[in-house]
Each structure stands twice: as C-alpha cells, then as structure tokens.
Amino acid sequence: MRAALPLLLGMALILTGCMPGATPGALAGKDHAPRPGVDVRLSAVDATGKGRSVQWQGETLALREPPIAGSADIADVRYVLDEAKQPGLQIRYRPEAHQRIHDGTAALVGQRAAISVDGRVLMVATVQGPFGESMMLSGLPSVAEAQALARHITGN
C-alpha cells in the first residue's frame, strides 16, 4: 500500500458531491467503514498558511484543524468507476455528519481541500460544489491502485 500512495500524489482530482458513474449495484450491500486506526481526513487548505503543515508535490500546505470530515464521519468507502469509466473511490458519509460537511464544503467552493489517509496527503483539489452525503475521488491511476486504497482504508 505504501508503494501505491506516492503514485496518487501526482493526480489532479476534483472534489464533487455527485457520483454519476457509480451504479446502484456497486453501492449495494454491507457498508465498508474505515477500520480502527486508519485516519481519513477531508481538510481545508488555508491560503494564509495557518494550520498543520504538510508536503504535497513539493509544496508546503497548511491544513486547517479540525478537518471538515474524518474517519468517524464515514459510513462507507468503496472502489467504483466514474462517468468516464476511470477508477475512483466513493466515500459516503454518516447521516449525522451531512449538514456539517455540506456547510463546510459550501464555504470552500472555489478553494482547495485535501484528502489525507494516515497523515499522507493523497490529493489536493478545488471544491467544485458543496456536498454532504457523499463524494467521489476520480482520476486514480489504475483499478489496482483504487482497490488497494479502498482495502487499506476498510480492510475489505
């Protein structure tokens, strides 16, 4: 898994709240929440440099604390294909977190946010619109990489 993460760093991804490429069957069945000890975060990137410093593609970023969403907010993570049949991850949030995540992402439209797993930034993207129920990470380099990342997060 660690070998797969550096490949994810070079991706240009967009955070959106829709999941048009996911088929109903792809999301049916048992939920796959993050396993204990795996730290998944959606954090705002602070343009003024206030926050926890991290490196991403040779750039020092400041991630605001607390994150907009964390592992405890996630009900399900799974591999899916996006509209263009490219591999991605679908993250569905717990109902009690929907409004908070919606409000947090609405305030970030046009600004950058970062997704990190276990302290390693996987991607930084511009928030295209508010979301609260789910998000799709598109543009993962391969089906194998997307499946490995989903397995690392959920253990499934």
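Which residue of β5 does R41 stand opposite? In this predicted model, R41 faces G70 across the strand pair.

β2 and β5 run antiparallel to each other and share 2 bridges. They belong to an open sheet of 4 strands, ordered β5-β2-β8-β9, with antiparallel pairing. The edges are taken by β5 (69-70) and β9, and each has a single partner strand, so one side of each has no neighbour in the sheet.

**Other strand pairs**

Moving along, strand β3 (residues 52-56) is joined to strand β4 (residues 59-63) by 5 bridges, and the two run antiparallel. Within that pair, V54 has L61 of β4 as its bridge partner. The hairpin leaves 2 residues between the strands, and Q57 there adopts a positive phi near 50°.

Then there's β7 with β10, another antiparallel pairing, over 5 bridges. Here L89 sits opposite L137 of β10. As for β10 itself, 4 of its 5 residues are buried, leaving the strand mostly covered.

**What's packed inside**

The largest nonpolar core counts 29 residues, and the ones with the most contacts inside it are L42, L89, Y93, M135 and I153. Two or more residues each come from β2 (40-44), β6 (74-81), β7 (87-93), β8 (112-117), β9 (120-126), β10 (134-138) and α4 (143-154). The biggest giver is α4, with 4 residues. A separate core of 8 residues lies apart from this one, and L61, L63, A114 and V121 are among its members.

**Salt bridges**

How many salt bridges does a search of the whole structure find? The count is 8.

| Pair | Closest N and O atoms |
|---|---|
| R41 and E65 | 3.0 Å |
| R64 and D46 | 3.2 Å |
| D73 and R100 | 2.5 Å |

Back to R41, then. Its salt bridge with E65 connects distant parts of the chain: R41 is in strand β2, E65 is in the loop between β4 and β5, and they are 24 residues apart. E65 is partly exposed, at a relative accessible area of 42%.

R64 and D46 make the next pair. R64 is in the loop between β4 and β5, while D46 is in the loop between β2 and β3, so their contact ties together parts 18 residues apart in sequence. R64 is partly exposed, with 31% relative accessible area, whereas D46 counts as buried at 13% relative accessibility.

That leaves D73 and R100. D73 belongs to the loop between β5 and β6 and R100 to helix α3 (residues 98-106), so parts of the chain 27 residues apart in sequence are tied together by the pair. Which of the two is buried, and which is partly exposed? D73, at 13% relative accessibility, counts as buried because the cut-off is under 20%. R100 is partly exposed, with a relative accessible area of 40%.

How values were computed
Residues numbered from 1 in each chain as written. Predicted model: local features only at pLDDT ≥ 70, side-chain atom pairs only at ≥ 80, totals over all residues. Heavy atoms only, no water. Core = buried A, V, L, I, M, F, W, Y, C linked by side-chain atoms within 4.5 Å. Buried < 20%, exposed > 50% of the residue type's maximum accessible area, 1.4 Å probe, protein only. Pairing = 2+ DSSP bridges. Salt bridge = Lys/Arg side-chain N within 4 Å of Asp/Glu carboxyl O.
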